[in-house]
Amino acid sequence: MTKQATVVRPGKPYPQGATWDGEGVNFALFSEHAEKVELCLFDARGRRETDRVEMREQTDLVWHCYLPGAKPSLLYGYRVYGPYQPQQGHRFNPNKLLLDPYAKAVVGRLRWSDANFGYKIGAKQEDLSFDWRDNALAMPKCQVIDPSFDWEDDRSPDTAWNDTIIYELHVKGFTALHPDIPEALRGTYSGLASAPAIAHLQRLGVTTVELMPVHFFVDDFRLQQLGLRNYWGYNSIGFFVPERRYAATDDAEREFKTMVKTLHRAGLEVILDVVYNHTAEGNHLGPTLSLRGIDNAAYYRLTQNNRRFYMDYTGTGNTLNMMHPRVLQLIMDSLRYWVQEMHVDGFRFDLAAALARELHDVDRLGAFFDIIHQDPVLSRVKLIAEPWDLGEGGYQIGNFPVGWTEWNAKYRDAVRAYWKGGGGLIGDLAYRLTGSSDLYAHNGRRPYASINFITAHDGFTLHDLVNYEQKRNLANGEENRDGLDKNLSWNCGVEGPTDKADILALRARQKRNFLATLFLCQGVPMLLYGDA
């Protein structure tokens, strides 16, 4: 398609993304190495490309244009031209429709096909080959939004750390089977904000819900081949987009805002589990969905000796390039968007050590943490690190800077080992019961720097912990290879379900032991949904 019937003005390079001003829409996209960028417009169903606009203006490596008269609900995507030279780090392929990294809404689901890959699947050269097929029909489309919303008098509960009790939950999992939530709302943001859900949270006494990933994500190609879905959501590809599969309406952004406002009125904070360390595009054999086709060499950490390959500190195939200022800007803009426009109260950062890597080493004073520390918006919200990644030297418990709290896996392991009956644990347990000063006092951090937990989403539940000594991850097609083998669990005498009264009584007592320990320790307790 070469026609350009749409009236186009130069526009501005900031803000990035698609911004409606009441009279038209400004589009802006960063690409350092692109030679040409086209904005593709689609009909209301996202099935037909109605126009293709060449973005002729470029300011500070940001391509931009303005469409007068364009309105919210307009569907769009990008095609980016440049060299296809994987060994030099470049993977431009204009045959692939690309998602805007700054999109605020995405319509449709990714339909996997070989056309979603920038190279020819099955070729002997693998990703060194080039695929000419157009994938627009298989791709979801970005959507321009109207950001207006009546927040009324919404304010964050701003719960002090010493009063905080975190409840980690999955939006769908928490609400999908609740008998008192209206069936049409189960599994959705509206379901989480419903009266029965809020009443349950208030009865538990928690102050803060930590939502497992709600950024737009895709179901992995391999999972689809197995007939499975990505349930947890740690496969983000849209850092500004609330995942539509959790919406009861067609407007996920507005529904998410309503959920936050409703939870705030009930005195409950909302924290997001965010995944900025990698994207769903995988390794060198992964699909071309967004950043890879926009500017692979800028957005991703590539190996020095052969830039065809990716540095993988995350176990997913790629790692975002935190040393590039535009990548830092993308993440910081996303964080501020969720605080200022969506009113969330903080973040838990998945594999946060990967965000601190400068060159190869983990540097706790990396640019990412320096920027957050001085940011007038983000320095005031709750910041929780998962203080490790999968690379060498990635286990960084106790090494995050002032202002950060951390998931304390040493607490988890010490408490599990003690109640299992292990010996020689009193010294270590004493530190864990009293706020883990051995980990946090050296740099002036207080006991609330320790997020104490017995269980979390990525391992045994409390029920599993007293029922099994061996993990059984059989349903996901990984043949029980994933997850920790050493769970420090005790089955109380029988592996798995039993009807023996004495075993059931012991298991119930062990659960109470774990929960009592969790809530009587110094530090911030985190409870996994379903455990109580």
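1. In strand 16, Ile271 is the bridge partner of Glu210. Strand 13 (residues 208-211) and strand 16 (residues 269-274) run parallel and are joined by four bridges. Strands here are DSSP runs of E, at least two residues long, and helices are runs of H or I of at least four residues, both numbered from the N terminus. Two strands count as paired if DSSP finds at least two bridges between them.

2. This is a predicted model, in which local features need pLDDT of at least 70 and side-chain atom pairs count only at pLDDT 80 or more, while totals for chains, interfaces and linings use all residues. Residues are numbered from 1 along each chain as its sequence is written, and side-chain values use heavy atoms, with hydrogens and water left out.

3. Eight strands close into a barrel with parallel pairing, in the order 12-13-16-17-20-21-22-23.

4. Thr207 sits in the loop between helix 3 (195-204) and strand 13. Thr207 is buried, its relative accessible area being 13%; buried means under 20%, exposed over 50%, and partly exposed in between (1.4 Å probe, protein chains only). Not counting residues up to four places away in sequence, Thr207 is in contact (heavy atoms within 4.5 Å) with residues including Thr159, Asp163, Gly267 and Glu269.

5. The structure has zero disulfides, a disulfide being a pair of cysteine sulfur atoms within 2.5 Å. For Cys142, the nearest cysteine sulfur is that of Cys40, 11 Å away. Cys142 is buried, with a relative accessible area of 0%.
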